[in-house]
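Okay, thanks everyone, I'll keep this quick. Let me put the thing on the screen, and then we'll walk through it.

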Amino acid sequence: MRKIAVVFWSGTGNTEAMAASVGDGIKENGAGATLIPAAEFSPDMVAEYDAIAFGCPAMGAEVLEEDEFEPMFSACLPVLKDKKIALFGSYGWGDGEWMRNWEDECREGGAILVSESVICQEAPDDDALAACKSLGAALAE
């Protein structure tokens, strides 16, 4: 069985709800899903998983959360080369620039984005949660 990590940071619960839906999509497609808060994930854990979904909301001037998530992700990026990943998160303002920048950073680092990233404004609605399930399904393939 494929092992997939869903690594996330959530301040309001929006990204955590998205992470749960990603996990549901993974499990519904026959793989094992482990939801892991960003503070509990490290680069040495990357090799334990066949694929990883990373979730983080936009913060400040459309950047990743800077205290826990961004340092963890920056440390992991060098070991994500050729790793299948997917990205998701919520935002409260702006136009999703943080996600476009994040995707570019992942591609430049050699990670393989297996699906279109999922973003939603504020709390995820039914469409956003369904997109998260589909993202999980893509990782489980």
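This is a predicted model: local features need pLDDT of at least 70, side-chain atom pairs count only at pLDDT 80 or more; totals for chains, interfaces and linings use all residues.

What's in it? There are four helices and six strands, and along the sequence they come in the order β-α-β-β-α-β-α-β-β-α.

Now the overall dimensions. The C-alpha trace spans about 40 × 35 × 25 Å along its principal axes. With 141 residues you'd expect a radius of gyration near 14 Å for a compact globule, and the protein has 13 Å, so that agrees. On the contact side, take the contacts with a separation of 6 or more: 76% of them are between residues 24 or more positions apart.

How much of the protein is buried? It's 48% of the 141 residues. The accessible surface is about 6,500 Å², with 47% of that belonging to carbon and sulfur atoms.

How many disulfides does the structure hold? Take Cys-56, which isn't in one: its nearest cysteine sulfur belongs to Cys-106, and that's 11 Å away. Cys-56 is also buried, at a relative accessible area of 0%. Then there's Cys-120, again in no disulfide, where the nearest cysteine sulfur is the one on Cys-132, 6.8 Å away. Cys-120 has 7% relative accessibility, so it counts as buried.

Technical notes: Residues are numbered from 1 along each chain as its sequence is written. Side-chain values use heavy atoms; hydrogens and water are left out. Helices (H or I, at least four residues) and strands (E, at least two) are DSSP runs, numbered from the N terminus. The radius of gyration is taken over C-alpha atoms; the globule rule is 2.2 Å times the number of residues to the power 0.38. Buried means under 20% relative accessible area, exposed over 50%, partly exposed in between (1.4 Å probe, protein chains only). Contact means heavy atoms within 4.5 Å. Accessible areas come from the Shrake-Rupley method with a 1.4 Å probe; for residues, only the protein chains shown count as cover. A disulfide is a pair of cysteine sulfur atoms within 2.5 Å.
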